[in-house]
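Please look at the sequence and the structure below. The briefing covers a sheet, the helices beside it and a pair of helices.

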Amino acid sequence: MKIHFIGIGGIGISGLAQYMHYRGHEVSGSDIKDSLITQKLRKMGMKISIPHSSDAITDQDFVVHSAIIRPDNPEVVAAKAKGIEVLARREALLKILDDRKVYAVAGAHGKSTTTAILTAIMNGSAIIGAESKSFGSNVRYDATTDVMLFEADESDGSFINSNPYCAIVINAEPEHMEYYDYNHALFYETYKTFINSAPCKVLNAEDPFLATLIDEVDAHWLYPSKDISDIEYVLINNEPHTRFTLKDLGSFDVWGFGKHIALDAALAILAAKDSMNIEKIRLNLLNFKGIKKRFDIVGAEDDAVIIDDYGHHPTEIKATFESVKEYARLKGFDKITAIWQPHKYSRTIDNLEEFTHCFDGADELIILPVWAASETPREIDFEREFKAYNLTMADTIKRANNHITVVKDKEDMQTLDKGLIIGFGAGDITYQIRGTA
């Protein structure tokens, strides 16, 4: 088939596009601007149009668009005028995954990590919402099996269309509530629909909502506080690892630091255990090397380490920051600098109180301008709200070698070249901290 993807530069849409390309379909796409993702897809042989244009619609069999694409998009209009089927991403999943044995991972936090851990353990194709450093992509194609390891997205309700054979839910904390009209009952009912559609279920019994389903859902239930024990943090080849014991299955080592990493790994192990030998799982788990932009060590010298982290919700940041403090301790660093680029005015305001407690233990907190993500700017008094910290408000940061320079009003303010330096955010901070901005 010929398939066109509108918004192909997004991580979710690009994952579907790559997967269908690997399956032998003729894939094209478009986006508002060129990016590293569109350049990669072009090198793979896909025809990519920049920006959106009705000329990109020719004789495709169907068109897929991301959730943010409006009905008046010229390519949507052109496709409908030609009688070509137009599907939102959530609708397209029914076509793309209908014949796959899908291990679908859902939750507000930890989806990408858990899915990537599962890809290290199991054979199968995979579509992840972040790049796994084990195979250098967010997509893996395996033609020898119908198994699909899939990061299922609740932000647009699309996870209910993921055809799950095994539903793995890490947590069900309310997030993306604008899609659910801020209706918590609707949000939780959608999670129940997802869970009940899968014959195999692996669930966190200590999540407040999931715990309410224990008596009505037959699942592999994980009780983290008692099933995961003997947690310790170790350096293996100078890389961070969490060592833990899971139930009566023995000890496991997984890349990364934190109880949340042990939780993600435990759920992946339980999902794989139905079809794999536990010793093979224990060995394969060591193949996991983290994912890009999640506690991603992008610079390391004896006296300074620079880390890029995608965390943009207070729960994510707080969990990662606990890992940061442990890593700094094991490395012998006595200074931690956190650089935060708030993501969206709405998220920042809705969670402002929680954000003010995320960075406890930071010797210095640097806050960059809010990454608006197309939202209208709103007033936030960061200096007042974060006055308890050693706070610096900055415009941008610049990377040179293993040094970070903080910039305000186009003037260099200070250079960070000692201790542990970590950037948090889902905007362009990842390019700033890597020196590719």
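Three strands form an open sheet in the order E13-E14-E15, with antiparallel pairing; two strands count as paired if DSSP finds at least two bridges between them. Strands (E, at least two residues) and helices (H or I, at least four) are DSSP runs, numbered from the N terminus. The model is predicted: local features need pLDDT of at least 70, side-chain atom pairs count only at pLDDT 80 or more, and totals for chains, interfaces and linings use all residues. Residues are numbered from 1 along each chain as its sequence is written, and side-chain values use heavy atoms, leaving out hydrogens and water.

- Seven bridges join E13 to E14 (residues 239–246) in the antiparallel sense.
- Ser229 has Thr245 in E14 as its bridge partner.

**Helices on the sheet**
- Helix H8 (residues 259–273) packs on the sheet and touches E13, E14 and E15, where contact means heavy atoms within 4.5 Å.
- The direction of H8 makes about 55 degrees with that of E14; axes are lines fitted to C-alpha atoms, for helices over the stretch in contact, and angles run from 0 to 180 degrees between N-to-C directions.
- Helix H10 (residues 314–331) also packs on the sheet, touching E13 and E14, and its direction makes about 50 degrees with that of E13.

**H1 and H2**
- Helices H1 (residues 11–22) and H2 (residues 36–43) pack at about 10 degrees, with axes 11 Å apart.
- Ile11, Ser14 and Gln18 in H1 meet Ile37, Lys40 and Leu41 in H2.
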